[in-house]
Amino acid sequence: MIDLNADLGEGFGPWRLGDDLALLSIVTSANVACGFHAGDPLIMRRTCAAAVERGVAIGAQVSYRDLAGFGRREMDVAPEELTAEVLYQIAALDGVARAEGGRVRYVKPHGALYNRLVRDRAQAEAVAAAVIAYDPSLPLLTLPGSALHGVEGVTVVAECFADRAYNADGTLVSRREPGAVIEDEDQVAARAVRMAVGGSVEAIDGSRVPVEARSMCVHGDTPGAVGLARAVRTAIERAGVRLGPFA
């Protein structure tokens, strides 16, 4: 069994990004923006309500405080401050989710914070401290090689990406590089099956990267995200893989 997740609730005010309702009919887990890189209270509430209605697990997608940069600019934040900001985001989304009959079931860092935690033990510990302070039973989604795996007191769940290119070391290719985001449905679906069934993915240099993941992501802001997510789900189900939330 594998989980299929997507980043949702990433609009702000009158601006909308992606088709959340369509994606919620495809994915099994929703990484809901908590207002720091995208989202606002109304969008958070509507997204949580729609997820609860469809039986989709809700995750807190926590980020650096960077609305202008969509959370994709790396920032040097003191550990104590980062812990407090992540705690704030989890608590806010969980309160909204509970008002709609659900709850936050896991935490997933977003963008630059996600990638920073792969190599930065201090920031990984700061994010983990926020989860432990709020609810130590909440799992954290991250790459298999992330520094989060070495932090005590938290449950870590490995994640892979159907629509992102990989470096040979298992990290994601920077979005500043060409080919970092894969938009072809057939290619994304084939990579998803290879990861879900074969436990590997082809890196940007053609090498084979082992991938052992319990959850697979399709980004909600990728062009054609709904078609990509549907193609991924269809392909992995045809390959005999069952879908279901990990949390």
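Biologist: How far apart are the mean positions of the positive and negative charges in the protein chain?
Modeller: In this predicted model, the mean positions of the 25 positive and 32 negative charges are 4 Å apart.

Biologist: OK, new topic. How many helices and strands are there?
Modeller: The protein chain has 7 helices and 9 strands.

Biologist: And what does the radius of gyration say about the fold?
Modeller: A compact globule of 247 residues would have a radius near 18 Å, and the protein chain comes out at 16 Å, which agrees. The C-alpha trace spans about 40 × 35 × 30 Å along its principal axes.

Biologist: What share of the residues is buried?
Modeller: Buried residues make up 55% of the 247.

Biologist: Let's talk rings. How many aromatic pairs does the structure hold?
Modeller: There are 3. One of them is Phe 36 with Tyr 88: the ring centres are 5.9 Å apart and the planes sit at 40°, so the pair is tilted.

Biologist: Where do those two residues lie?
Modeller: Phe 36 is in the loop between strand 2 and helix 2, while Tyr 88 is in helix 3, so the pair ties together parts 52 residues apart in sequence.

Biologist: Is Phe 36 buried or exposed? And what about Tyr 88, buried or exposed?
Modeller: Phe 36 is buried, at 6% relative accessibility. Tyr 88 is exposed, at 56%.

Biologist: Why is the pair of Tyr 114 and Phe 161 called edge-to-face?
Modeller: Their planes are at 90°, and over 60 counts as edge-to-face. Tyr 114 lies in helix 4 and Phe 161 in strand 6, so this pair links parts 47 residues apart in sequence. Tyr 114 is buried at 4%, and Phe 161 is buried at 2%.

How values were computed:
Residues are numbered from 1 along each chain as its sequence is written. This is a predicted model: local features need pLDDT of at least 70, side-chain atom pairs count only at pLDDT 80 or more; totals for chains, interfaces and linings use all residues. Side-chain values use heavy atoms; hydrogens and water are left out. Helices (H or I, at least four residues) and strands (E, at least two) are DSSP runs, numbered from the N terminus. The radius of gyration is taken over C-alpha atoms; the globule rule is 2.2 Å times the number of residues to the power 0.38. Buried means under 20% relative accessible area, exposed over 50%, partly exposed in between (1.4 Å probe, protein chains only). Lys and Arg count as positive and Asp and Glu as negative; His and the chain ends are not counted. The place of a charge is taken as NZ of Lys, CZ of Arg, CG of Asp or CD of Glu. Rings of Phe, Tyr and Trp (its six-membered ring) pair if their centres lie within 6.5 Å; planes under 30 degrees apart count as stacked, over 60 as edge-to-face and the rest as tilted.
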